[in-house]
Amino acid sequence: MELKIKVICEHLPGTDFPGLTGTDAKPVHLGIQRGNEVIEAVPANRKRVIFEPSFRVAPLPNGKTNFLGPYAKGTPTERFFYLCWVVKDKEGHLRGFRRAKIHLSHLPWSQVEEAIQSNKPLTVTLSLTDKKGEPRCASIRSNEARWQKENL
């Protein structure tokens, strides 16, 4: 089975911030990691950015969900995906400097199965500027994200 997750990124920090130094440290972009590559990188000065990764999913014996595929990272019981903060060099190559880990393991199989049956993605809304005004990084767990089913 396949599940799409609609990742709504809000409150982005902009393409420059005080913690960045050097002329090659801007403009800041946000992308999503697929395998070992950051894709769909867009400037971080937008009001909202949306990514829509798809995951193969399967139930685990404890009622939880195993997320599989090129976006999935971690062990079967601790799955997550990455949003990556990057800058583009003059040749257009991406250089990462931070990333946010979006945890998935809290999503029960019943919720995932319901989303698949309704043919609607699960939606997560994330605020991606930290308290210092910089790109948010490290783990973002379920209590720091707004998860919901897409409206029917």
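Mentor: Strand S2 (residues 28-34) and strand S7 (residues 80-88) are joined by 5 bridges and run antiparallel. Helices (H or I, at least four residues) and strands (E, at least two) are DSSP runs, numbered from the N terminus, and two strands pair if DSSP finds at least two bridges between them. Within this pairing, Leu30 has Trp85 of S7 as its bridge partner.

The model is a predicted one: local features need pLDDT of at least 70, side-chain atom pairs count only at pLDDT 80 or more, and totals for chains, interfaces and linings use all residues. Residues are numbered from 1 along each chain as its sequence is written, and side-chain values use heavy atoms, with hydrogens and water left out.

S2 is also joined to S3 by 5 bridges, again in an antiparallel arrangement. Here Ile32 has Ile39 of S3 as its bridge partner. S2 and S3 form a hairpin with 2 residues between them, and Gly35 in the turn has a positive phi of about 65°. S2 is mostly covered, with 6 of its 7 residues buried; buried means under 20% relative accessible area, exposed over 50%, and partly exposed in between (1.4 Å probe, protein chains only).

A polar atom of the Lys73 side chain lies 2.6 Å from the backbone oxygen of Gly35. Leaving aside residues up to four places away in sequence, Lys73 touches several residues, including Gln33, Gly35, Asn36 and Tyr82; contact means heavy atoms within 4.5 Å.

Lys47, in the loop between strand S3 (37-43) and strand S4 (48-51), counts as exposed because its relative accessibility is 79%. Not counting residues up to four places away in sequence, Lys47 touches Cys9, Glu10, His11 and Leu12.

As for the setting, the protein chain has 1 helix and 11 strands, and buried residues make up 43% of its 152 residues.

Conventions:
A polar contact is a pair of N or O atoms within 3.5 Å; within protein, one must be able to donate a hydrogen and the other to accept it, and residues adjacent in sequence count only if both atoms are side-chain atoms.
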